[in-house]
Amino acid sequence: MASGKTRHLVIVESPRKAETLSKVLGKDYDVEATVGHVVDLPKKGLAVDVDNGFEPEYVTVRGKAKMISDLKRRAKNADEILIATDPDREGEAIGFHIAEKLGYREDDGERFHRVRFNEFTKDAVLAAIAKSGDIDLRQVDAQQARRILDRLVGYGLSPLLWKKISPVDPVSRRPLSAGRVQSVAVRLLVERERERRRFHAASWWDILATLSADGAEFPARLARIGGKRVVTGNDFDSTTGLRKKGSAAVALEEEEARQLAAELGGEEFVVASVTSKDFPLKPYAPFRTSTLQQEASRRLNLSPRDTMSLAQRLYEAGHITYMRTDSVRLSSEAIGAARGRIEEKYGKEYLSPGPRNFGKQAKGAQEAHEAIRPAGNRMRTASELALSGREAALYDLIWKRMMATQMAEAKRRSVKATLRAGETEFEASGTTTIFPGFLRVMAEGKGDPAEALGERDKLLPPLEKDQVVEQVELEAKGHSTRPPARFDESSLIEALEKAGVGRPSTYASTVGTIQERGYVDRDGKQLVPTYLAFAVTRLLEEHFSDLVDPGFTSDMETDLDRIADGELQWQEFLEDFYRGPDGFETRLEEREESIDPRTASTLSEFEDIRPTVRIGRYGPYLELNEQEEPIRVTLPEGLAPADLTAEKAEELIEAKEKADQPLGHDEATGLPVRLLIGRYGPFVQLGEQEEGGEKPKRASLPKGMTPEDVDLATALGLLSLPRVLGPHPDGGDVLAGIGRYGPFVVHEGDYRSLQEGDEVLAVTLDRALELLAEPKKGRRRAAPKVLRELGEHPADGEPVRILDGRYGPYVKHGKTNASLPKDLPPEQVDMERAVELIAERQARGPAKRKGSGRGGRKKKG
């Protein structure tokens, strides 16, 4: 560190972080933000010299040249330059590239010091500056190796997928891509969907009794008949749905269960035994990145990207510690602060007997940072920090989890009662809280904490052996096994972490990418792999099996860790992967020749149905080759792979065969009229689609009309729209038609929507004139609805929002509007992605207005 009066230049990535640091450090420190990376690999081309030590060909990020020039000017006048980017490999690499731009190599690093802030309290910041050191070049190498490795895989496999699975026509080609981590994530989803296809639901019946003791009702379930155990869900295989081999439990059919329930109606229920057992509940470890994302998804319905965006803001504002971590370690200062706050708020009896720390929990965890916790030594609540909205909700999760780590275990008591009725035995159970321990903090903010804690209890009334209880109701209950649940975002992250695939900084982006690329559809929270995902996964399994093997990917993460630890050279690592035995480069060249596109586009997982499932130019379809001409039918939107049964396939083929028989012919043209079913639903068509010819006239069925409702007259009516209803009293014709917003009537540009009960094919001129005479509703277009508030733009602090516009969702920043790609749902957009879209839109320049005939007068001269 330089001594005497010096000028300190501190460089961070984020303007918000710069603002927080400036307040902490004061006027002697000049804090500047780079707004992320200053260099990166260009978007086009491999940009890696594989014949020269895998040297990357970095370029300056668009829009950063002026900022870099300004930093250079400031650096010349600085006695010390503190590189204070995020304390992880990504931050190390960003810091190194910034330092290089400012003359780090020429300076031999004498003025440059690396400082790592895990939190932004004044004490923590000053302590970190006092411990500043050198840029860790091994961490930089590890990050660079990861970036290049992912580039080699992505730019190698993606063109192969385009050629073998995607359409030949580049206009309709989907943006297929493959990635080292994303391909494993997609395979996990596909494997789960395969399990769901193989699953066979099984059913069983039992009896639920509602009983009463001293006026308090409680449930009991049939457990044994004649001393033999009655079957439960545990007797069935969770992956196949079938009964486990060797299970000797009694399985009741519906009729047997109903008959037994009727027979027991006159029996006396007597308590045979009552047992109780006390057991402890231990608090969970503090949050690391993956567990925070999982819990925020479950409790706050936040996507991983939203969670990380909010956590980033909390970190940069000085409220929490660094949020990209796989460690659950807690500093002694944090433990002491939490214990002091617990004693102050709840009393000594709520403290754990001694300080509680947690060991390594995630596979391959680096343990370089602390767990995610409230910053500082005061453990302030969200309300004490004046937080609100989603930031307050996320901070509250983190605060409660941290406090719970140092609290006493909860003590619970389970009670189990067995009751006899004739030759049967029923079981009832309950649980109560003896001492809440750490559960007390979990009830914070829920009105009456005692009431909230009581909601966890499942009470049984006091029961004694040989006590006769009252029979209230006996009900035969049917049950069936359910297929393995699909992953949601949080459970997918959990699976990736368990397998050691990816790192804290990659989970959210991986989950977002596979949705953007068309490999996943969402059904509520469920992630449903598409047929395209099946095709890509099968190709990779057969030709690049290591790249979709979680074990191999986990081993690569370990090698990257070894690079960071100085145990492995990054060029050696890449050379072995790319050109070693059975290297990636050789396999790419061989597979380019050997993979047959038709085979790659055929989904072999569906051999149990009569038609073949293929991926085509316009999406997945069924193909049946049992006649001279094959029958092809597009799979409808929303039909998940696991739901494509043999019965459903036959239904679609049958509908297609019927559609191939025309409803009739149009007398005016002689052309056939057909009812067809496309990807987006049923429609009618006049004429045939000739290859290379014009698209025939088509009309979708209006809302409420089913294919069964359509005959030749109805089809011709739909194809004739818009139809002339007659003359308007003021001149001109009145027409009826179907538009983007539904059926309408119109007169010379004056539109009215048809109302409930009106039919576009039956509406009369009188009814149309009646509608047109009514005042036009909602003439002024409503302001676009705000779908999400992303926060402040890192460059200027102005708000960035996602709005729902007339033509779909878009990002708005100042006067810049950037439409979202069709395959990118609004909930998956974080600030980083929004900034990219805004920059791309600004780079294209102002939108060119199409000539509309309005306000377009030519200038004189």
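1. Basis of the note. This is a predicted model, in which local features need pLDDT of at least 70 and side-chain atom pairs count only at pLDDT 80 or more, whereas totals for chains, interfaces and linings use all residues. Residues are numbered from 1 along each chain as its sequence is written, and side-chain values use heavy atoms, with hydrogens and water left out.

2. The chain as a whole. The C-alpha atoms of the protein chain fill a box of roughly 110 × 95 × 65 Å along the principal axes. Its secondary structure comprises 25 helices and 32 strands; helices (H or I, at least four residues) and strands (E, at least two) are DSSP runs, numbered from the N terminus. Of the 861 residues, 49% are buried, where buried means under 20% relative accessible area, exposed over 50%, and partly exposed in between (1.4 Å probe, protein chains only). Among contacts (heavy atoms within 4.5 Å) with a separation of 6 or more, 66% are between residues 24 or more positions apart.

3. Nonpolar cores. A nonpolar core is a set of buried Ala, Val, Leu, Ile, Met, Phe, Trp, Tyr and Cys residues joined through side-chain atoms within 4.5 Å. The largest has 73 residues, and those with the most contacts inside it are Leu157, Ile165, Leu622 and Leu644. Helix 6 (residues 137–164) gives the most to this core, with 9 residues. Another core, of 62 residues, lies apart from it and includes Ala334, Leu351, Leu394 and Val441.

4. Surroundings of Leu157. Not counting residues up to four places away in sequence, Leu157 touches Ala178, Leu540, Phe544, Leu547, Phe584 and Leu588.

5. Helices 18 and 19. Helix 18 (residues 550–564) packs against helix 19 (residues 570–579) at an angle of about 155°, and the axes are 9 Å apart. Axes are lines fitted to C-alpha atoms, for helices over the stretch in contact, and angles run from 0 to 180 degrees between N-to-C directions. The two helices are therefore roughly antiparallel, a term for angles over 145 degrees. Helix 18 contributes Phe552, Met556, Asp559, Leu560 and Ile563 to the contact, and helix 19 contributes Trp570, Phe573 and Phe577. These residues divide into 7 nonpolar, no polar and 1 charged; Ala, Val, Leu, Ile, Met, Phe, Trp, Tyr, Cys and Pro count as nonpolar, Asp, Glu, Lys and Arg as charged, and the others, Gly among them, as polar.

6. How many salt bridges does a search of the whole structure find? The search finds 74, a salt bridge being a side-chain nitrogen of Lys or Arg within 4 Å of a carboxyl oxygen of Asp or Glu. One of them joins Glu19 and Lys23, whose closest N and O atoms are 3.7 Å apart. These residues are separated by about one helical turn because they lie 4 residues apart in helix 1 (residues 15–25). Glu19 is partly exposed at 44% relative accessible area, and Lys23 is exposed at 67%. Glu254 and Arg258 also form a salt bridge, at 3.0 Å from N to O, and are likewise 4 residues apart, in helix 8 (residues 254–264). Glu254 is partly exposed at 36%, as is Arg258 at 43%.

7. Further charged residues. Arg591 and Glu590 meet in a salt bridge at 3.1 Å, N to O. Arg591 is buried, with 17% relative accessibility, whereas Glu590 is partly exposed, with 43%. A network of salt bridges links Arg7, Asp30, Glu32, Asp70, Arg73 and Arg74.

Note on methods:
Angles under 35 degrees count as roughly parallel, over 145 as roughly antiparallel, 65 to 115 as roughly perpendicular and the rest as oblique.
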